[in-house]
Amino acid sequence: MRTGLLTEGGYPFAGGDAGLWCDRLVRGLGQHEFDLYALSRSRHQEEAGLLPLPPQVTRVRTAPLWTAGGESGAVGYGRRARRRFTEHYGELAAAVCTAADGGTGGTAADHSASGAVADRFANALYGLAELAREEGGLGAALRSDLGVRTLERACRAPGAPRTAREARVADLLTVTGHLERALRPLSLDWYGDDALGAADLCHATSGGPAALPGLLARHFRGVPLLVTEYGVHLRAQYLDRGPGAAPAVRALLAAFHGRLATETYRRAEILTPGNAHARRWQERCGADRARIRTVYPGMAADGFAEAGESPDRADPDTLVWVGCVEPAKDLVALLHAFAEVRRREPRARLRIVGTVDGPESTAYLGHCRALAAQLFPDEAEGAHTVGCNPVSFEEIGSPYAPTLPEVYASGAVVVLSSVVEGFPTGLIEAMFCGRATVSTDAGAVVEVIGGTGLVVPPRNPRALADACVALLRDPERRARLGAAARARALELFTVEQNIAAFHGIYLEIVSHCPVRRDLLDASGAPLPFAAPAESHVPAHWPATPTWALPTTEPAR
């Protein structure tokens with residue numbers, strides 16, 4: 001089977017997001033061939049180069065989303081092409097403006113209207129793709145005065161929401177630049193028989209622009225599409241447009257990405273969210289529940305599982321926190337909670353083992369150090385001993401924290417105090433190590449824990465302290481929870497289960513949605529029965545069928 005793996009800002013770039021799980025997937029499915037189609041986000045990412053690739057990767061094609069223009073040179077449209085562009089782009093802009101009013105209600109008429117707008121957006125999108133294919137690209141047209149005027153006309157049309165009507169010229173230019181970059185895959189030459197058209201399956205590793213090549217391969221060549229979302233692209237777009245952006249820009253871009261997500265979820269043969277939170281987003285955007293399969297990210301368990309086999313290494317009085325030091329992790333609440341823990345359990349200690357990423361993270365770490373010094377003055381057992389602080393701040397690789405498994409193994413309880421959390425990989429690492437956990441109810445924490453740890457509300461230091469004290473005082477309960485957590489993690493969150501799940505999904509899609517291709521002989525005439533039914537079964541078949549081999553008669 002040949003799979004076209006579609007990424008944005010990730011694999012196979014060395015500095016990309018989600019590179020680890022994609023690399024493990026490709027290496028784990030060695031019986032399949034992979035063609036990689038990657039959209040880069042920055043010059044730095046491209047200069048960092050590519051990761052070492054396994055032999056089953058037969059092709060790598062990249063395209064930038066960060067450059068100023070979509071394609072080199074201006075595309076000069078004739079009169080007919082300009083008319084087609086105005087028609088299709090106007091329809092797409094009108095569908096976006098219709099969606100910018102905040103969505104529809106829950107009545108049958110509302111759902112019918114929403115479906116009509118979704119069809120309008122889809123027809124316009126594919127019309128633009130066909131135009132780009134015939135005329136050599138869309139970037140120059142989208143950035144032209146004609147493109148800006150077409151967008152403005154849709155925003156000023158009768159019935160357009162107030163937010164769109166209030167868009168200024170600067171807002172329209174901002175939206176135009178973003179749309180040009182997001183629609184840049186429409187202008188790529190990735191959809192012929194020598195590219196995605198030759199694939200048996202397209203696997204998009206996220207929504208948004210990464211899924212667009214898959215939509216076009218499906219539209220032009222009938223190639224089925226699988227979409228995996230470990231982080232919801234639509235939610236990320238909502239969060240990226242913060243208070244600094246103009247209301248019209250936020251509304252129009254949110255509407256565009258919402259329509260694109262709806263079209264992606266409608267056309268994908270199967271959707272594989274990484275947790276229930278992502279699944280709910282997909283269902284809210286119109287995904288069919290029957291086509292959704294939750295596939296948890298796979299993590300390497302070897303080093304952590306070895307730590308779980310040695311429970312005696314844990315200090316019974318130590319709490320451990322591991323993660324990236326940032327405000328969303330709410331270390332301030334953790335420190336206040338530990339002050340209560342320390343009051344009730346004077347021998348308790350807290351290890352904060354974190355990584356620092358950027359100036360904001362560095363400033364937050366400094367604030368937490370100052371708070372710890374204020375809450376816990378250096379203590380000494382006697383007049384002639386050196387005082388020490390019960391809270392330590394450490395980094396992975398230091399003499400006292402050489403590896404993550406050793407850090408987790410050193411504590412009796414692992415704590416997570418986040419107010420915002422996606423998929424808690426650190427929590428799963430602690431579960432692999434067989435450690436009892438205390439976590440705040442954020443992101444997919446409850447789904448991951450599944451009853452094998454204690455969960456408290458976020459921003460509640462007293463509840464966090466009560467849970468930590470309960471486990472510190474009950475070693476038997478800690479041992480039971482740690483064993484159950486380890487068994488759950490090894491069952492659900494390993495690389496092996498992730499690869500096995502995708503292998504089954506690949507076969508399911510190809511068996512239900514085989515690509516129908518017209519194979520030709522040397523003269524260009526159709527070749528009947530050229531692709532037998534077995535051609536989609538993952539195995540190596542002889543070039544000459546066995547029934548065509550010459551036979552020899554037995555000697556007489």
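Visitor: Which residues form a nonpolar patch on the surface, and how much accessible area do they have together?

Guide: Happy to start there. First, this is a predicted model, in which local features need pLDDT of at least 70 and side-chain atom pairs count only at pLDDT 80 or more, while totals for chains, interfaces and linings use all residues. Residues are numbered from 1 along each chain as its sequence is written, and side-chain values use heavy atoms, with hydrogens and water left out.

Your patch consists of Leu50, Leu53 and Val60, which together have about 200 Å² of accessible area. Areas come from the Shrake-Rupley method with a 1.4 Å probe, and for residues only the protein chains shown count as cover. Patches take residues with over 30% relative accessible area and no salt bridge, joining nonpolar side chains (Val, Leu, Ile, Met, Phe, Trp, Tyr) within 5 Å and like charges within 9 Å. Leu53 sits in the loop between helix H2 (43–47) and strand S3 (57–64); helices (H or I, at least four residues) and strands (E, at least two) are DSSP runs numbered from the N terminus. Leu53 counts as partly exposed, because its relative accessibility is 30%; buried means under 20%, exposed over 50%, and partly exposed in between (1.4 Å probe, protein chains only).

The surface also has a charged patch. Arg79, Arg80, Arg82 and Arg83 gather there as a patch of positive charge. Lys and Arg count as positive and Asp and Glu as negative, with His and the chain ends not counted; a charge is placed at NZ of Lys, CZ of Arg, CG of Asp or CD of Glu. Arg79 belongs to helix H3 (residues 79–99) and is exposed, at 68% relative accessibility.

The largest nonpolar core holds 76 residues, and Phe85, Leu125, Leu138 and Leu186 have the most contacts inside it. Helix H4 (residues 108–135) gives the most to this core, with 10 residues. A second, separate core has 36 residues, including Ala337, Tyr364, Ala412 and Val469. Such a core is a set of buried Ala, Val, Leu, Ile, Met, Phe, Trp, Tyr and Cys residues joined through side-chain atoms within 4.5 Å.

Salt bridges come next: a side-chain nitrogen of Lys or Arg within 4 Å of a carboxyl oxygen of Asp or Glu. The whole structure has 29 of them. In one, the side chains of Arg2 and Glu33 meet at 3.2 Å, N to O. That pair links distant parts of the chain, with Arg2 in strand S1 (residues 2–8) and Glu33 in strand S2 (residues 33–40), 31 residues apart. Arg2 also meets Asp35, at 3.7 Å, N to O, and this pair joins S1 to S2 across 33 residues. Arg2 is partly exposed at 23%, whereas Asp35 is buried at 1%.

Elsewhere, Glu508 and Arg293 form a salt bridge of 2.6 Å, N to O. Glu508 is in helix H21 (residues 495–512) and Arg293 in the loop between helix H12 (276–284) and helix H13 (302–308), 215 residues apart. Returning to Arg2, shared partners join Arg2, Glu33, Asp35 and Arg59 into one network of salt bridges.

Finally, some backbone details. Tyr11 and Pro12 are joined by a cis peptide bond, with omega about 5°, and Pro12 lies in the loop between S1 and helix H1 (19–28). Asp330, although not a glycine, has a positive phi of about 55°, and is buried, with a relative accessible area of 13%.
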